[in-house]
Amino acid sequence: MLVAALGAALAIGVWQWFAGDAALRGAALETETVALRGRLEVLEAERERLSAIANAADAQLTVERTAAKQLAEQVKTTAAENARLRSDLAYLESLLPASGRDEPVAIHRLRVAPDGAPNQVRYQALLTQRTPGASGSPLGPGSHAPPEFRGSIALTVQATLEGKPLTLQIPERGADAGAAMKVSFTRYQRIDGRFELPPGAVLRSVQMRLLEGSAVRAQQSATP
């Protein structure tokens, strides 16, 4: 009996020791698990932050590459447009009468015609500015763009109304500066405008004047 009792007591003690040790190990394991989870959350947050920075850098690089490509296209387009304008100008100047090339500014190819609407008249002209270059070539090597011409145009319209002469000034004499048909150009400018005749008037001729202030720098007349 005594031996059995001692054996039972010993078994209970051993079981309690192992049970207590397991509880301690479980608590330690739980603590370590919590710590690892916290560390994992920190690392995951850091990964997301670095990923966001990398994505933003990629997006910025894409934007910069796109902007650089667009800028290169704009430069290419501008160069092509400049070359086209120079070619157009050379062609236009080759068509102008020699007398007009010696003037600082000139009016060429003034055209007037009915515009379809009642009493409406359309006028068109080409204004040019002399562009000296090497050997007299307007666009030859060593040529320089002249300073911009700033002025206005005025029209004197001759017509008849009920068999009587009629003269119209456009803009009207004494009109304020806001009514002036202002122009500003370097080398050339196309003019395309309209005016209205009184009902029943018949157009006879139109004189266009190119003014700098009140000084007439060029003029030309045309008939319909």
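This is a predicted model: local features need pLDDT of at least 70, side-chain atom pairs count only at pLDDT 80 or more; totals for chains, interfaces and linings use all residues.

Trainee: What makes up the secondary structure of the chain, and in which pattern?

Mentor: The chain has two helices and eight strands. In sequence order the pattern is α-α-β-β-β-β-β-β-β-β.

Trainee: How many of the contacts between residues at least 6 apart join residues at least 24 apart?

Mentor: Such pairs account for 65% of those contacts. As for burial, 24% of the 224 residues are buried. The accessible surface of the chain comes to about 15,400 Å², and carbon and sulfur atoms contribute 59% of that area.

Trainee: Which residues of the largest nonpolar core touch the most other members?

Mentor: This core has 28 residues, and those touching the most other members are Tyr 123, Leu 127, Ile 153, Leu 155, Phe 195, Met 208 and Leu 210. The elements that each give two or more residues to the core include β1 (105-114), β2 (120-129), β6 (188-196) and β7 (202-212). Strand β3 provides the largest share, namely five residues.

Trainee: Which residues does Met 208 touch?

Mentor: Leaving aside residues up to four places away in sequence, Met 208 touches Ile 107, Leu 110, Tyr 123, Ala 125, Leu 127, Ile 153, Ala 154, Leu 155, Ile 191, Ala 218, Gln 219 and Gln 220.

Trainee: Why is Leu 203 called buried?

Mentor: The relative accessibility of Leu 203 is 13%. Buried means under 20%, and Leu 203 therefore counts as buried.

Trainee: Where is Leu 203 found, and what does Leu 203 touch?

Mentor: Leu 203 belongs to strand β7. With residues up to four places away in sequence not counted, Leu 203 touches Val 112, Val 121, Val 157, Gln 158, Ala 159, Phe 195, Leu 197 and Pro 224. Ala 113, 90 residues from Leu 203 in sequence, is 9.0 Å from Leu 203 in space, C-alpha to C-alpha.

Trainee: How do you know that Arg 194 and Asp 115 form a salt bridge?

Mentor: The closest N and O atoms of Arg 194 and Asp 115 are 2.7 Å apart. The criterion is a separation within 4 Å, so the pair qualifies as a salt bridge. This pair links distant parts of the chain, with Arg 194 in strand β6 and Asp 115 in the loop between β1 and β2, 79 residues apart. The structure holds six salt bridges.

Trainee: What makes Arg 122 and Asp 192 a tie between parts of the chain?

Mentor: The side chains of Arg 122 and Asp 192 meet in a salt bridge at 2.5 Å, N to O. Arg 122 lies in strand β2 and Asp 192 in strand β6, so the pair ties together parts 70 residues apart in sequence. Arg 122, at 29% relative accessibility, counts as partly exposed, and Asp 192 does so at 42%.

Trainee: What is the distance in the salt bridge of Glu 212 and Arg 217, and how exposed are these residues?

Mentor: The closest N and O atoms of Glu 212 and Arg 217 are 2.8 Å apart. Glu 212 is partly exposed, with a relative accessible area of 36%, and Arg 217 counts as partly exposed at 43%.

Key. Residues are numbered from 1 along each chain as its sequence is written. Side-chain values use heavy atoms; hydrogens and water are left out. A nonpolar core is a set of buried Ala, Val, Leu, Ile, Met, Phe, Trp, Tyr and Cys residues joined through side-chain atoms within 4.5 Å. Buried means under 20% relative accessible area, exposed over 50%, partly exposed in between (1.4 Å probe, protein chains only). Helices (H or I, at least four residues) and strands (E, at least two) are DSSP runs, numbered from the N terminus. Contact means heavy atoms within 4.5 Å. Accessible areas come from the Shrake-Rupley method with a 1.4 Å probe; for residues, only the protein chains shown count as cover.
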